[in-house]
Amino acid sequence: MKRYRLIEYAYLGMLVLGFTACSQDELTDGSPVNGTPVTFTASGIVAQQSAITRATTDGTWESDMTVGIKIGEDVKAYTAMPDAADNTKATLAAADAADPFYWQNASTPIAVKAWYPYTAGQTEPPMVVVKANQSTRADYDASDYIIAQQDVNYSNPTLNFTHRTAKVTVNINVKGTSAVQLDNVRLSGLSGADGNPTEVKPYHPDPDQMIYEALLPEQTLTANTMFLSFAIRGFAFEYTWTTTQNYNLQAGYNTVFNFTVERNEVVFEGCTLLAEWNQGQSTEGSTGPSALDYIIEDGTYKVYTEAGL
């Protein structure tokens, strides 16, 4: 049977937004700065994605996505207009063309806060609250939050967006000749802070690959947390995996938990932290047991290591 290996899906780790505007201060080309509406040029990162879609999770923009922009105490809605030839790029302009932000001069830095998703009436970014059921792409994408907060000026008008959620990938490497199908995959033992779920059903982007993805609030999984459970179709026994150490699920990073299934055998291979969603190289080595945890036999199991208890 084909060996399935981890494919790290590059996701949006950073969006760079550039102010394009003029003002009544004279620039080198003689154009005025003051009083001209501020618009933005948004560039996503070309990504290898889980499915063909457009969303912040894979670095692309959709028409009419609304971003909240806060300068001073004022918040205005800005609307995305993707580039027709490349939807990783977009122009952001005030949703209300009659009420944009304006440049006042070319040299004074301004503090800008920007976030997505934005809802009318918000004065600050909302709390990160993810979906309990992320099994559909729509609910997975709806669990993503991005933010940029920094000082900018006319000569360096960029905003660097980052994810406020942590990504978790469960990678099952299937070996052997027997087909293996998983049921009822769940991530449990979550903090539940700020109204978030304590259990999440992850997204399964490709039915031909045993890769499951979820977006979670930043948190620490402590040792002895029953974090993962799934059933192997055809067996009555449900596999549960309990952490043996702490795992820090960091916003903007992808924590990959690797397992191997061969016939009836399930092995925890370790965990890898990937720096930013758009990068494919690890910053921490694999951790955890590499030996067989246990083997399932006709609905029962034999323990081979302490991790299999």
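**Labels and the values behind them**

Reply: This is a predicted model. Over residues 1–17 the pLDDT stays under 50, and the model has 91 contacts beyond four places in sequence for them. A further stretch with pLDDT below 50 is 278–309, with 84 contacts beyond near neighbours in sequence. For the chain, the mean pLDDT is 75, and 69% of the residues reach 70 or more.

Me: Why is the pair of Phe230 and Tyr239 called edge-to-face?

Reply: Rings pair if their centres lie within 6.5 Å, and planes over 60 degrees apart count as edge-to-face. The ring centres of Phe230 and Tyr239 are 4.9 Å apart and their planes stand at 65°, so the pair is edge-to-face. Phe230 and Tyr239 are both buried.

Me: What makes the pair of Phe259 and Phe268 tilted?

Reply: Planes under 30 degrees apart count as stacked, over 60 as edge-to-face and the rest as tilted. For Phe259 and Phe268 the planes are at 45° and the centres 5.1 Å apart, so this pair is tilted. Phe259 is buried, as is Phe268.

Me: How many aromatic pairs does the structure hold, and which residues form one aromatic cluster?

Reply: There are 12 aromatic pairs in the structure. One cluster is formed by Phe227, Phe230, Tyr239, Trp241, Tyr247, Phe257, Phe259 and Phe268.

Me: How do you know that Lys76 lies over the face of Phe101?

Reply: The distance cut-off for NZ of Lys is within 6 Å of the ring centre, and the direction must be within 35 degrees of the ring normal. Lys76 is at 5.1 Å from the ring centre of Phe101 and lies over its face.

Me: Why is Asn184 called partly exposed, and what is its phi?

Reply: Buried means under 20% relative accessible area and exposed over 50%, with partly exposed in between. Asn184 has 43% relative accessibility and therefore counts as partly exposed. Its phi is near 55°, a positive value in a residue other than glycine. Asn184 is placed in strand β11, residues 182–187.

Me: What makes Asp194 count as exposed?

Reply: The cut-off for exposed is over 50%. Asp194 has 52% relative accessibility, so it counts as exposed. Asp194 is not a glycine, yet its phi is positive, about 60°. The loop between β11 and β12 (210–217) holds Asp194.

Me: Which residues does a cis peptide bond join?

Reply: Tyr116 and Pro117 are joined by a cis peptide bond, with omega about 5°. Pro117 is in the loop between β6 (110–116) and α1 (137–141).

Note on methods
Residues numbered from 1 in each chain as written. Predicted model: local features only at pLDDT ≥ 70, side-chain atom pairs only at ≥ 80, totals over all residues. Heavy atoms only, no water. pLDDT = per-residue confidence, 0-100. Contact = heavy atoms within 4.5 Å. Helix = DSSP H or I, 4+ residues; strand = E, 2+ residues; numbered from the N terminus. Buried < 20%, exposed > 50% of the residue type's maximum accessible area, 1.4 Å probe, protein only. Phe/Tyr/Trp six-rings, centres within 6.5 Å; stacked < 30°, edge-to-face > 60°.
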